[in-house]
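Open the model in your viewer and keep the selection panel at hand. Each stop below says what to pick and what to look for.

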Amino acid sequence: MTASNAPDIIMTGPLMAYAADQLRSRFTVHELWKADDRAAMLREIGARVRGVAGGGAHVRIDGALFDALPNLQLVANFGVGYDNVDAVEAGRRGIIVTNTPDVLSDEVADLAVGLLLATIRQLPQVDRYLRAGKWLEKAYPLTTSLRTRKIGIVGLGRIGKAVAHRLEAFGVPIAYHGRTRQPDVAYRFYPSLVEMAADVDTLVSVAPGGAATHHMIGAEVFKALGPNGIVVNVGRGTVIDEQALVEALTSGTILSAGLDVFEDEPRVPAALMALDHVVLLPHVGSASVHTREQMGQLLVDNLKSWFDDKGPLTPVVETPWPKRG
Ligand code: NAP
Ligand code: 8YV
């Protein structure tokens, strides 16, 4: 394929060279986020653009962008979570959206278990203690333990199941909450999140973002979880009411939290940063070279497959393939 007949696509944000180089070798790539005047760039090339390579969880892709791209056919999102994409609006306009499921599940589950243990056993705090020379004075205080805990997973999907599988090896009881009972697992299902929170002491949230899950973990859930409660979130920050979380952590309503995701990334509230007994990570669940390459490859393969007339590889539920109706 020559440069002149290579389909025009835009990248909405930076992608690793591994994926970006492959896109450049097959498509005419326009790097939207680098343009000084994005509106001018869209006016100039918008009608030619048929694909979008989404640049990550923080880059919004919605009706405003679709308006500027009247011949857009496919949005390939970099990430399994696609709450940054208005997929319903895409579907309404006949635009297919793809994401990157499965290739990151094990990596994110590994991180979730690491974050859970780091939070319970206070690993970052213990490291800070040693470096400050305090071990020379006395031993670090005893911590809480995973041994007696009961785990409630919020969102037992691909990643949630990978987390549960790992936690089985730790010998802890596991329950879950979601909209539907999962037929392939024997863990106890709670249709009510508050009821599950009252029966466990540790929540691991792997639920997606979006309106349906917004602030579903809030004051009522923290109260039900109780003073020994620990909340780990590797799903989306918007699932937790962050202000209510700060209040629950400050007042002792719950014990601690381990967070990889936040409501307004990359901004983390100062009130949360001020709490020494929580563990905060900058959204690194999938952030290994191995897994980001797998995600990048799936994004590239979705675009290639589409423009080879073979359809999308991993369309999201809002934009099924073959198209309905
Ligand atoms: P998935 O297979 O679609 O699982 C999502 C689970 O959430 C499903 O079990 C679903 O169960 C449940 N759920 C959906 N809507 C719900 C609602 N309104 N109330 C309660 N439960 C609900 O997705 P996945 O591949 O496991 O990924 C999950 C999420 O993890 C992504 O959407 C993304 O936000 C996040 N993620 C974060 C990182 C990171 O770096 N931290 C990396 C990858 C993914 P039901 O349908 O039965 O409700
Ligand atoms: C990525 C994620 O860090 O896949 C997801 O939903 O949140 C992460 O894997 C993100 O999409 C890239 O910005």
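How far does a backbone N or O atom of glycine 285 lie from an oxygen atom of ligand 1? The distance is 3.3 Å. That is a polar contact, defined as a pair of N or O atoms within 3.5 Å; within protein, one must be able to donate a hydrogen and the other to accept it, and residues adjacent in sequence count only if both atoms are side-chain atoms. The protein buries 88% of the 920 Å² that ligand 1 exposes when taken alone. Accessible areas here come from the Shrake-Rupley method with a 1.4 Å probe; for residues, only the protein chains shown count as cover.

Before moving on, some ground rules. This is a predicted model, in which local features need pLDDT of at least 70 and side-chain atom pairs count only at pLDDT 80 or more, while totals for chains, interfaces and linings use all residues. Residues are numbered from 1 along each chain as its sequence is written, chains are lettered from A and ligands numbered from 1 in the order in which they are written, and side-chain values use heavy atoms, with hydrogens and water left out.

**Stop 1: the rest of the ligand 1 site**

Zoom in on arginine 158: one of its backbone N or O atoms lies 2.9 Å from a ligand 1 oxygen. For glycine 235, the corresponding backbone distance to an oxygen of ligand 1 is 3.4 Å. Now colour the shell by residue class.

**Stop 2: ligand 2**

Select ligand 2 and its surroundings. The residues there include Phe78, Val80, Arg236, His283, Ser286 and Arg292. Valine 80 has a backbone N or O atom 2.8 Å from an oxygen of ligand 2. Phenylalanine 78 places a polar backbone atom 3.0 Å from a ligand 2 oxygen. Serine 286 uses its side chain: an N or O atom there is 2.7 Å from an oxygen of ligand 2. On its own, ligand 2 has 330 Å² of accessible area, and the protein covers 87% of it. The shell counts five nonpolar, five polar and two charged residues.

**Stop 3: the seven-stranded sheet**

Switch to cartoon. Helices (H or I, at least four residues) and strands (E, at least two) are DSSP runs, numbered from the N terminus. Two strands pair if DSSP finds at least two bridges between them. Which order do the seven strands of the open sheet follow? It is S8-S7-S6-S9-S10-S11-S12, with parallel pairing. Strand S8 (188-190) and strand S12 (279-280) each have a single partner strand, so one side of each lacks a neighbour in the sheet.

Pick S9, residues 202-205. Thr202 and Val204 face one side, Leu203 and Ser205 the other, and all are buried (under 20% relative accessible area; exposed is over 50%, partly exposed in between; 1.4 Å probe, protein chains only). S6 (residues 151-154) pairs with S9 in parallel over four bridges. There, isoleucine 153 stands opposite valine 204. On to S10 (residues 230-233): four bridges join this strand to S9, also in parallel. Valine 232 is the bridge partner of valine 204 in S10. The chain gets from S9 to S10 through helix H9 (residues 219-225), a right-handed β-α-β crossover. Right-handed means that, with the strands pointing away from the viewer, the path from the first strand over the helix to the second runs clockwise.

**Stop 4: strand S1**

Jump to residues 8-11. Asp8 and Ile10 point one way, Ile9 and Met11 the other, and all are buried. Four parallel bridges join S1 to S2 (residues 28-31). Isoleucine 10 has histidine 30 as its bridge partner in S2. S3 (residues 49-53) is joined to S1 by four bridges, running parallel.

**Stop 5**

Select glutamate 265 and proline 266: the peptide bond between them is cis, with omega near 0°. Finish at aspartate 309, where phi is near 65°, positive in a residue other than glycine. Aspartate 309 is exposed, at 72% relative accessibility.

Key: Near = heavy atom within 4 Å. Nonpolar A, V, L, I, M, F, W, Y, C, P; charged D, E, K, R; others polar.
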